[in-house]
Amino acid sequence: MPPALPVLYSFRRCPYAMRARLALVASGQRCELREVALKNKPADMLAASPKGTVPVLVAEDGAVLEQSLDVMLWALRRSDPHGWLQPETGTLQDMLALVAACDEGFKPQLDRYKYPDRHADGDEPARERGAAFLRDLEARLSTSANLAGTRTTLADAALMPFVRQFAMVDAAWFGAQPWPRLQAWLSGWTASELFERAMHKYEPWKPGEAGVVFPPAQA
């Protein structure tokens with residue numbers, strides 16, 4: 001393991017960690033990935049970031065990035081071969097505003113929908129509030145194949161893990177909604193090589209051992 005590689009603490013199923021890994025794959029930025037068991041968080045990760053959530057990226061110079069969007073921007077500003085930071089429609093700030101709407105508005109409803117026993121206003125009321133955001137995405141996709149034009153951008157990669165998680169709560173219900181463009185967009189993502197590489201399975205990292213080099217090689 002080359003000592004100069006950045007270190008990424010990740011958890012495969014976490015949508016925040018997922019969006020960070022997608023950007024790392026797209027940029028080609030290599031790192032040492034340490035898969036975290038959330039019930040046994042490593043002391044090294046907690047020392048770097050006491051908040052105790054993933055992703056956490058420790059850069060070569062020791063700088064710590066604790067937010068998934070910061071990891072995405074860090075990777076893509078180093079290398080952006082597919083133009084994820086250069087939308088055909090709107091600006092980078094417009095994309096960041098859409099990500100904020102997802103994180104601040106849609107994600108709380110997703111949590112209530114997914115875990116209704118933890119929230120008094122969960123289940124169907126939360127599903128309907130979340131569906132309002134998805135209807136907006138369907139409308140966006142009526143004019144282009146992706147959320148900011150014909151090409152995939154940061155906006156698509158940042159939102160997809162949360163749309164995917166929402167769809168998985170009740171796949172039959174999601175599939176029955178009049179959202180053909182959103183459903184096709186999500187299916188395209190989950191069938192892509194980029195997604196497959198970002199979702200590669202790793203054993204939990206053990207302190208004292210080297211992590212794995214990420215991203216994995218292309219098939």
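1. The side chain of E35 places a polar atom 2.9 Å from the backbone nitrogen of R12, a polar contact being a pair of N or O atoms within 3.5 Å, in which, within protein, one must be able to donate a hydrogen and the other to accept it, and residues adjacent in sequence count only if both atoms are side-chain atoms. The model is predicted: local features need pLDDT of at least 70 and side-chain atom pairs pLDDT 80 or more, whereas totals for chains, interfaces and linings use all residues. Residues are numbered from 1 along each chain as its sequence is written, and side-chain values use heavy atoms, without hydrogens and water.

2. E35 belongs to strand 2 (residues 31-35); helices (H or I, at least four residues) and strands (E, at least two) are DSSP runs numbered from the N terminus. E35 is buried but has no salt bridge, and R21, the nearest side chain of opposite charge, is 5.4 Å away. Buried means under 20% relative accessible area, exposed over 50% and partly exposed in between, with a 1.4 Å probe and protein chains only. A salt bridge requires a side-chain nitrogen of Lys or Arg within 4 Å of a carboxyl oxygen of Asp or Glu. Lys and Arg count as positive and Asp and Glu as negative, with His and the chain ends not counted.

3. Beyond its neighbours within four places in sequence, E35 is in contact with S10, F11, R12, Y202, E203, P204 and W205 (heavy atoms within 4.5 Å).

4. The count of aromatic pairs is 11; rings of Phe, Tyr and Trp (its six-membered ring) pair if their centres lie within 6.5 Å, with planes under 30 degrees apart stacked, over 60 edge-to-face and the rest tilted. Y9 and W205 form an edge-to-face pair, 6.1 Å centre to centre with 75° between the planes. Y9 lies in strand 1 (residues 7-10) and W205 in the loop between helix 9 (193-198) and strand 5 (212-214), 196 residues apart. Both Y9 and W205 are buried.

5. W84 and W189 are likewise an edge-to-face pair, at 6.4 Å and 75°. Because W84 lies in the loop between helix 3 (68-78) and helix 4 (92-114) and W189 in helix 8 (residues 180-190), the pair ties together parts 105 residues apart in sequence. W84 and W189 are both buried.

6. One aromatic cluster is formed by F106, Y113, F133, F166, W173, F174 and W179.

7. Helix 3 is largely enclosed by the rest of the structure, because eight of its 11 residues are buried. The cover over these buried residues includes helix 1 (15-27), strand 3 (56-58), strand 4 (64-65), helix 4 and helix 6 (154-169).
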